Amino acid sequence: MIQFPLVKEIKVGLNFGIGVTPVGRFAIRNRTIYFEYDRTLIEHGLEISPLRLPLNSGVSSFEYDLFEGLPGVFNDSLPDGWGRLLFDRVARSQGIVSTEITPLDRLANVGMHGMGALVYEPAHSSDETHEAICLDTLAEQTQEVLHGNSEDVLQELLSLNGSSAGARPKALVGIDQTSEHIIHGAHDLPAEYEPWLVKFANSQDGSDAGAVEYVYALMAKEAGIQIPDVHLFPAKNSAGYFSVKRFDRDGDKRYHMHTACGLLHSDFRTPSLDYQDLLALTGILTRDVREVEKMYRLAVFNVLAHNRDDNDKNFSFLMDADGQWELSPAYDLTFSSGPGGEQSTMVMGEGRDPGLDHLTKLGMEANLKPASIEEIIEQTRSALGSWKKLAKQYGVCVSGIELIAGKIL
């Protein structure tokens, strides 16, 4: 049983797979959260969040409204949606109401095994065994939780979720090279297993949601977008479970991961960003025009593929132990509607009906070569042309195939 003793202080560290480097510490007093960098990190000069939390000595505090008083870089460590629901339900089963829970309690639950390289002490996450997993059973359990019918599976599902974000139920698992053996994988894994993330349907998804996302990943890869390894596991009651290899891990190596939302302290629930902002952010952070082109390619795909839930939590950057940043592989690419049916991230100020003219202008504003802009758009359109064939092959329902075909540009 995971216990949630409420905490007043948290130590933060970075673990790139070669030991823990102190980052700083949190304290909470009267619902105000204070943070101070560790002198060791300041002397080392490793900027984990250069825009909103630059390396400075002294104590900082933040407005409670946006991330409940956390700097964005640490808020990125916390699960939202499904993971938050699980945490709050387990806490309630122990007599703790949600109003008593602070962000520091949530960071303690992330502990040493969150996404990315940040680690937190004290760590209240559960010890994990490497038991085998049945995905069909997990899918049934997630539906029970979503419908409020089960308490006895909360602990296991919370452990499996780790600190993965997003509204859809997820499990962090270990998968062997045959893709036939699946085990608990939120913590360190045996040598023959690799860390993956598996998604399950939420209460609004159709039975083919996993297949749709899998086909979108295949099309994105064909469009030249960097995509992690993906797999569609067979399912008893659906077209399959979409799974993706974790890109914050590479063997024993770990990468610091930071979303655009956390970097810019923007609110993904009230979208206000433009792809111009994301291209500029990519250039500032990576200082590499090739990374800017990667972000542009992603913008083109999202607009043409009608992925309108392209909010700022769905764009991340990775930093290695030397402080070098790059755009992360793409994730959460699927057919979706944004707020009010608009693109969550605008294109040159246009959210309702962005098109090829807006995308071309976006590329020109980013100083990309006209030939590169044209090539990226044409490659993306060609890749999206395989939608019907692939969707039929992987079990997307007929009505869904036609609906999405009518929306793809």
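Colleague: Leaving aside neighbours within four places in sequence, which residues is Leu70 in contact with?

Modeller: In this predicted model, Leu70 sits in the loop that runs between helix H2 (64-67) and helix H3 (72-75). Once neighbours within four places in sequence are left aside, the residues in contact with Leu70 are Phe26, Ile33, Asn75, Leu78, Pro103, Leu104 and Leu107.

Colleague: Is Leu70 buried or exposed?

Modeller: A residue is called buried when its relative accessible area is under 20%. Leu70 has a relative accessibility of 2%, so Leu70 counts as buried.

Colleague: How far apart in space are Leu70 and Thr32, C-alpha to C-alpha?

Modeller: Along the sequence, Leu70 and Thr32 are 38 residues apart. In space, the separation of Leu70 and Thr32 from C-alpha to C-alpha is 9.5 Å.

Colleague: Which helix holds Val90, and is Val90 buried or exposed?

Modeller: The helix that holds Val90 is H4, which covers residues 82-93. The C-alpha atoms of Val90 and Leu154 are 6.4 Å apart in space, although 64 residues separate Val90 and Leu154 in sequence. With a relative accessibility of 1%, against a cut-off of under 20%, Val90 counts as buried.

Colleague: What residues does Lys199 contact, leaving aside its neighbours within four places in sequence?

Modeller: Lys199 belongs to strand S8, and its C-alpha lies 9.0 Å from that of Ala139, a residue 60 places away in sequence. Leaving aside neighbours within four places in sequence, the contacts of Lys199 are Arg168, Pro169, Lys170, Glu213, Tyr241, Phe242 and Asp332.

Colleague: Lys199 is a charged residue by class; is Lys199 buried or exposed?

Modeller: The relative accessible area of Lys199 is 7%. The class of buried residues takes in values under 20%, and Lys199 is therefore buried.

Colleague: Which element gives the most residues to the lining of the second largest pocket?

Modeller: The second largest pocket has a volume of about 620 Å³, and among the 30 residues that line it, the closest to its centre are Pro195, Arg249, Asp250, Gly251 and Lys253. Two or more lining residues come from each of strand S8 (193-199), strand S11 (249-250) and strand S12 (253-254). The element that gives the most, with 3 residues, is S8.

Colleague: Where is Ala235 found, and what does Ala235 touch when residues up to four places away in sequence are not counted?

Modeller: Ala235 is found in the loop between strand S9 (230-233) and strand S10 (241-245). Its C-alpha atom is separated by 27 Å from that of Lys407, which is 172 residues away along the chain. With residues up to four places away in sequence not counted, Ala235 touches Asp136, Gly240 and Tyr241.

Colleague: Met348 has a positive phi although it is not a glycine; is Met348 buried or exposed?

Modeller: Met348 is placed in the loop between strand S15 (325-327) and helix H12 (356-365), and its phi is about 50 degrees. Its relative accessible area is 19%, and because buried means under 20%, Met348 is buried.

Colleague: Asn367 also has a positive phi; is Asn367 buried or exposed?

Modeller: Asn367 lies in the loop between H12 and helix H13 (370-384), and its phi is near 65 degrees. The relative accessible area of Asn367 is 68%, and since exposed means over 50%, Asn367 is exposed.

Colleague: What radius of gyration does the protein have, and why does this agree with a compact globule?

Modeller: The protein contains 15 helices and 15 strands, and along its principal axes the C-alpha trace spans about 55 × 50 × 40 Å. A compact globule of 409 residues would have a radius of gyration near 22 Å, and the value for the protein agrees because it is 21 Å.

Definitions and conventions:
Residues numbered from 1 in each chain as written. Predicted model: local features only at pLDDT ≥ 70, side-chain atom pairs only at ≥ 80, totals over all residues. Heavy atoms only, no water. 1 Å grid on protein atoms, 1.4 Å probe; cavity = no way out; pocket = protein on both sides within 12 Å on 5 of 7 lines; lining within 4 Å. Points joined across faces, edges and corners; volume = space filled by probe spheres on them. Helix = DSSP H or I, 4+ residues; strand = E, 2+ residues; numbered from the N terminus. Rg over C-alpha atoms; globule rule 2.2 N^0.38 Å. Buried < 20%, exposed > 50% of the residue type's maximum accessible area, 1.4 Å probe, protein only. Contact = heavy atoms within 4.5 Å.
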